Amino acid sequence: KVVTLSFKTQLANVSDETTTYGSRQYGTATFQGTASVGGEEVTVRRDSVINYNSGSGSIGGFVTLIWKDGSRLSMEVSGSTLSYSSGAAFNASLQVFSATGRWKGFIGHGIMRGGRTGPLGTVPDTYAFQITLKPPA
């Protein structure tokens with residue numbers, strides 16, 4: 001049976017290895033938080049790679065969902081960020097590349113949308129995820 005995971009969360013910046021050079025900002029940042037997914041508390045970790053010009057540009061990296069039983073879903077992120085006067089909005093596609101525990105053998109994809117109301121790393125980012133998973137054949 002196909003499973004759809006839909007949830008919202010806020011992720012705080014826990015590590016920032018970005019460099020700013022003029023209007024360019026690039027590097028990596030890690031965000032982490034929790035979300036209620038199917039009634040269970042799940043750790044959500046986003047390892048982000050950014051390449052911004054004046055606050056807008058490409059985002060990549062990974063999102064990992066970690067359940068208390070150790071099950072994990074890891075997804076590659078590919079998308080973009082659009083800066084505006086008081087923050088930024090982002091939109092990305094997700095592709096599952098690793099699934100363990102209860103998700104072993106599942107394949108899937110999804111979307112990640114969100115934003116922030118301040119400069120990168122100064123306020124939590126708000127996210128909405130929708131992930132569709134197909135069980136092993």
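A residue is taken as buried when its relative accessible area is under 20%, as exposed when that area is over 50%, and as partly exposed in between. The structure described here is a predicted model, and this scale applies to Arg102, which is partly exposed because its relative accessible area is 34%.

The C-alpha trace spans about 50 × 25 × 20 Å along its principal axes. Among contacts between residues at least 6 apart in sequence, 46% join residues that are at least 24 apart.

The eight strands close into a barrel in the order β1-β2-β3-β4-β5-β6-β7-β8, with antiparallel pairing, and the twist from one strand to the next averages 25 degrees. In general, strands of a sheet pair through backbone hydrogen bonds, in either a parallel or an antiparallel manner.

The hairpin formed by β4 and β5 has four residues between the strands, and Gly70 in its turn has a positive phi of about 95 degrees.

The largest nonpolar core comprises 30 residues, and those with the most contacts inside it are Leu5, Val63, Leu65, Leu73, Met112, Phe129 and Ile131. Two or more residues are given to this core by each of β1 (3-21), β2 (24-37), β3 (40-53), β4 (56-67), β5 (72-84), β6 (87-99) and β8 (125-134). The largest share, five residues, comes from β6. When neighbours within four places in sequence are left aside, Met112 is in contact with Arg46, Ile59, Val63, Val77, Phe90, Asn91, Ala92, Leu94, Tyr127, Ala128 and Phe129. Val63 and Phe129, which are among these contacts of Met112, are also among the core residues with the most contacts inside the core.

Charged side chains were examined next. The structure holds five salt bridges, among them that between Glu40 and Arg102, in which the closest N and O atoms are 2.6 Å apart. This pair links distant parts of the chain, since Glu40 lies in strand β3 and Arg102 in the loop between β6 and β7 (107-116), 62 residues apart. At 33% relative accessibility, Glu40 counts as partly exposed, as does Arg102 at 34%.

A further salt bridge joins Glu41 to Lys68, with the closest N and O atoms 3.7 Å apart. Because Glu41 lies in strand β3 and Lys68 in the loop between β4 and β5, the pair ties together parts that are 27 residues apart in sequence. Glu41 is partly exposed, with a relative accessible area of 45%, whereas Lys68, at 69%, is exposed.

The side chains of Asp47 and Arg45 also meet in a salt bridge, with an N to O distance of 3.0 Å. Asp47 counts as partly exposed at 23% relative accessibility, and Arg45 counts as partly exposed at 32%. Finally, salt bridges that share partners join Glu40, Asp69 and Arg102 into one network.

Definitions and conventions
Residues are numbered from 1 along each chain as its sequence is written. This is a predicted model: local features need pLDDT of at least 70, side-chain atom pairs count only at pLDDT 80 or more; totals for chains, interfaces and linings use all residues. Side-chain values use heavy atoms; hydrogens and water are left out. A nonpolar core is a set of buried Ala, Val, Leu, Ile, Met, Phe, Trp, Tyr and Cys residues joined through side-chain atoms within 4.5 Å. Buried means under 20% relative accessible area, exposed over 50%, partly exposed in between (1.4 Å probe, protein chains only). Contact means heavy atoms within 4.5 Å. Two strands pair if DSSP finds at least two bridges between them. Axes are lines fitted to C-alpha atoms, for helices over the stretch in contact, and angles run from 0 to 180 degrees between N-to-C directions. A salt bridge is a side-chain nitrogen of Lys or Arg within 4 Å of a carboxyl oxygen of Asp or Glu.
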